[in-house]
Amino acid sequence: MLYRLNFNSMLKGTNVYFRYRICPQFIRGVSQAKYLPVINSSFRNATIRHWSNIPFITVPLSRTHGKSFAHRSELKHAKRIVVKLGSAVVTRGDECGLALGRLASIVEQVAVLQNQGREMMIVTSGAVAFGKQRLRHEILLSQSVRQALHSGQNQLKEMSVPVLEARACAAAGQSGLMALYEAMFTQYSTCTAQILVTNLDFHDDQKRRNLNSTLHELLRMNIVPIINTNDAVVPPPEPNSDLQGVISIKDNDSLAARLAVEMKADLLIALSDVEGLYDSPPGSDDAKLIDIFYPGDQQSITFGTKSRVGIGGMEAKVKAALWALQGGTSVVIANGTHPKVTGHVITDIVEGKKVGTFFSEVKPAGPTVEQQAEMARSGGRTLASLLPEQRAEIICHLADLLTDQKEEILSANKTDLEIAVGGGRLSPPLLKRLSLSSAKLNSLAIGLRQIAASSQDSVGRVIRRTRIANNLELEQITVPIGVLLVIFESRPDCLPQVSALAIASGNALLLKGGKEASNTNNILHQLTQEALSIHGVKDAVQLVSTREEVEDLCRLNQLIDLIIPRGSSQLVKNIQHAAKGIPVLGHSEGICHVYVDSEASTDKVIKIVRDSKCDYPAACNALETLLVHRDLLRTPLFDQIIDMLRVERVKIHAGPKFASYLTFSPSEVKSLRTEYGDLECCIEVVDSMQDAIDHIHKYGSSHTDVIVTENENTAEQFLQQLDSACVFWNASSRFSDGYRFGLGAEVGISTSRIHARGPVGLEGLLTTKWILRGDGHTVADFSEQGSSKYLHENMPITRRTSN
């Protein structure tokens with residue numbers, strides 16, 4: 001249906017035309033207040049209104065417009081959003097016609113946000129390009145007909161298209177562009193309206209008020225206004241024509257900024273053909289994308305040329321963005337043409353993800369995370385160049401500080417615990433991980449001194465020497481990996497452990513802890529930097545305290561060399577999914593098994609099962625599935641296992657085979673791949689040791705698995721055949737730990753098969769490099785006509801290090 005709005009508040013002498021096509025099911029659902037399964041909770045307070053017998057929804061604003069958002073994380077609260085589509089985004093690479101696939105994905109994102117209860121407006125380019133395509137087609141068709149009549153087909157190839165005047169192209173393209181938008185939005189049951197404006201409309205107070213009223217009325221009716229400059233009649237922009245306190249409408253950048261401020265929009269998203277704002281022209285060697293741009297930073301950047309189409313350019317975008325920011329509207333400039341991100345660039349920005357350049361009036365107190373990573377890398381290189389004794393001295397000093405400053409650490413930890421308990425957000429296992437004690441600090445100090453002692457022969461250790469030829473010797477030596485990013489939850493004791501390992505291995509370190517332990521983490525980091533200061537490498541370990549999302553940190557592939565997550569299986573999974581080009585060292589789950597063989601000792605079984613499950617149920621090396629040999633069912637040993645678990649208040653879930661043996665069984669397990677992380681476990685029955693191995697290979701996570709038996713042959717088969725990072729015989733699964741292994745500490749437990757596996761200590765944070773010492777050698781010397789011959793002799797390895 002075609003409707004015509006003719007409000008008294010409209011621009012004088014103008015009408016706004018729009019089409020509203022919507023499915024009957026939607027109308028019935030809205031009228032009965034039962035539809036909207038994908039629309040968020042803000043519709044609960046919505047009111048259903050009717051106009052021209054078609055219902056629409058109005059949603060109360062959830063944010064009072066005032067100052068712009070200070071942080072990206074706040075963008076998810078944006079209610080009224082203006083999306084500006086630059087010419088390079090809307091048009092094809094040949095500048096003749098529209099990029100239909102790109103435009104369709106943008107329309108989908110706008111419709112999704114509109115259906116979430118937000119008020120969306122689009123400022124679009126593209127009329128000139130659409131009209132150029134249309135007119136060019138008409139001219140070619142007309143020329144081909146005339147030439148076919150007068151000159152014959154053989155001259156068709158010589159046809160040329162005259163230069164088309166932009167205003168004529170705009171006049172020919174406006175209707176087609178709007179029809180395209182209408183057809184696309186119709187697929188999402190979303191109504192659109194077209195508004196054409198010129199600079200004069202903003203200079204006339206009455207027209208400006210009328211425009212403002214029209215836009216508010218359209219938004220109230222849940223209609224997406226699509227706004228463009230009326231390029232068919234607009235005069236060329238005049239230089240330096242900005243009025244006092246306002247911005248002149250020279251292009252769609254300034255139009256979008258003016259509309260955003262006039263309409264008190266919360267967010268302006270300006271899409272172009274570049275990733276955002278760079279500190280130098282994009283494409284130059286040293287160009288870096290600016291994550292956050294602050295007013296007054298214009299002097300620190302150099303503007304390049306404008307985009308391939310359009311009349312704006314980055315300088316115009318920055319000017320418009322700063323003007324909008326001053327008016328209380330947040331701004332993000334991002335790439336709307338990249339094929340890998342176009343389909344979610346707008347929704348990513350609204351979700352607060354690090355996309356493009358965010359304009360903010362609030363400068364953070366400290367450095368950005370990118371600056372911290374660069375500081376850490378610089379400090380890490382200095383750290384790696386220190387003598388082993390100097391690195392050990394730093395670690396020992398940190399161990400002393402942990403005991404000397406015990407009261408301050410425990411006081412900060414008490415504050416974190418009180419906040420966590422009061423908020424009620426943390427489960428008992430996580431609260432236990434968060435808690436520190438004098439005994440735990442003493443244990444940490446002992447572990448750090450172990451690391452210091454073992455670090456004497458770590459960095460620069462020669463592990464292979466080869467004489468390639470006479471006076472040509474090759475060495476392979478250990479070196480740090482580079483910059484490590486360690487992300488941990490509710491475990492402040494992780495900070496000094498990982499810091500000591502990074503120091504011992506000469507690695508730079510970025511730490512991202514959970515906010516539930518912020519007070520404890522801050523004081524532990526201060527002590528770490530105090531220890532590092534004795535040899536001038538304070539910057540080598542950095543604590544990320546900004547509102548940086550983990551997913552954004554995982555994208556810093558130019559700054560970070562390895563990510564090590566320490567926390568829940570869900571955290572590890574999220575990081576493994578989010579990491580872009582950065583290797584992740586860790587395990588996604590800790591589904592550990594204890595297999596009780598038919599020849600197991602009763603005393604050992606009870607001790608090992610109790611310790612593996614009950615010592616620390618939240619640990620990743622705790623027992624989750626107990627496998628019992630079939631012959632042990634209905635025996636005193638089995639009864640003792642069950643009685644012990646009941647006394648320890650362990651909830652038992654029955655595996656499918658175990659449940660089949662019982663008349664009245666415990667709750668049957670939902671999945672045999674479950675990490676409970678609490679006083680719960682699954683019991684399953686197996687027919688043999690080989691059956692137990694097959695079960696673990698199918699349902700385990702390759703973390704830590706145990707066999708309890710007195711049969712040495714059975715045990716050895718289990719140890720050799722089971723493919724897990726840690727395999728134990730007659731010992732608790734809780735021994736799977738860097739400190740208990742004598743590594744001093746660990747950065748985590750890895751279940752991967754590359755680089756490091758099991759508890760990862762000092763050795764797992766090192767890689768190698770090759771050093772070749774020659775005397776003018778060339779490869780040509782070893783050719784058939786050359787005078788040299790390869791020897792490839794192994795040489796003895798001395799204890800010296802490269803330091």
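**Close-up views of a predicted model**

**View 1. One side of helix α19.** Helix α19 (residues 569–578) has Leu571, Val572, Ile575 and Ala578 as its buried residues. Because they cover an arc of only 135° around the axis, they sit on the same side of α19. The arc is that of the directions from the helix axis to the C-beta atoms. An α-helix has 3.6 residues a turn, so residues three or four places apart point the same way. The buried residues of α19 pack against β15 (483–488), α18 (550–553) and β18 (562–566). Buried means under 20% relative accessible area, exposed means over 50%, and partly exposed lies in between (1.4 Å probe, protein chains only). Helices (H or I, at least four residues) and strands (E, at least two) are DSSP runs, numbered from the N terminus.

This is a predicted model, in which local features need pLDDT of at least 70 and side-chain atom pairs count only at pLDDT 80 or more, while totals for chains, interfaces and linings use all residues. Residues are numbered from 1 along each chain as its sequence is written, and side-chain values use heavy atoms, with hydrogens and water left out.

**View 2. The whole chain.** The chain has 24 helices and 28 strands. Of its 803 residues, 52% count as buried. The accessible surface of the chain comes to about 36,800 Å², and 50% of that belongs to carbon and sulfur atoms. Accessible areas come from the Shrake-Rupley method with a 1.4 Å probe; for residues, only the protein chains shown count as cover. Among contacts in the chain with a separation of 6 or more, 74% are between residues 24 or more positions apart. A contact means heavy atoms within 4.5 Å.

**View 3. Val486 in strand β15.** Val486 lies in strand β15 and is buried, with a relative accessible area of 0%. Leaving aside neighbours within four places in sequence, Val486 is in contact with Cys494, Val498, Leu509, Leu510, Leu511, Lys512, Ile564 and Arg566. Val486 and Leu543 are 57 residues apart along the chain, and their C-alpha atoms are separated by 9.8 Å.

**View 4. Asn521 in helix α17.** Asn521 belongs to helix α17 (residues 518–532). Its relative accessible area is 3%, so Asn521 is buried. Not counting residues up to four places away in sequence, Asn521 touches Phe488, Pro492, Leu495, Gly513, Gly514 and Leu543.

View 5. In strand β19 (residues 592–596), five of the five residues are buried. Cys592, Val594 and Val596 point one way from the strand, and His593 and Tyr595 point the other way. In a regular strand the side chains alternate between the two faces of the sheet. Strands β19 and β20 run parallel and are joined by five bridges. Two strands pair if DSSP finds at least two bridges between them. Val594 has Leu626 of β20 as its bridge partner.

View 6. The side chains of Lys613 and Glu624 meet in a salt bridge with an N to O distance of 3.3 Å. Lys613 is in helix α20 (residues 602–614) and Glu624 in strand β20 (residues 623–629), eleven residues apart. Lys613 counts as buried at 0% relative accessibility, and Glu624 counts as buried at 0%. A salt bridge is a side-chain nitrogen of Lys or Arg within 4 Å of a carboxyl oxygen of Asp or Glu.

**View 7. Salt bridges elsewhere in the chain.** Arg449 forms a salt bridge with Asp400, the closest N and O atoms being 2.7 Å apart. Arg449 lies in helix α15 (residues 438–454) and Asp400 in helix α12 (residues 388–404), so this pair ties together parts that are 49 residues apart in sequence. Arg449 is partly exposed, with a relative accessible area of 35%, and Asp400 is partly exposed at 32%. Glu351 forms a salt bridge with Lys353, with 3.6 Å between the closest N and O atoms. Glu351 is partly exposed, its relative accessible area being 48%. A network of salt bridges links Arg465, Arg467, Glu473, Glu475, Arg773 and Glu793. A search of the whole structure finds 30 salt bridges.

View 8. The chain averages a pLDDT (the predictor's confidence in each residue, from 0 to 100) of 83, and 83% of the residues score at least 70. The pLDDT is below 50 over residues 239–247, a stretch with 15 contacts in the model beyond near neighbours in sequence. Over residues 307–312 the pLDDT stays under 50, and the model has 19 contacts for them beyond four places in sequence. Where pLDDT is low, the predicted coordinates should not be read in detail.
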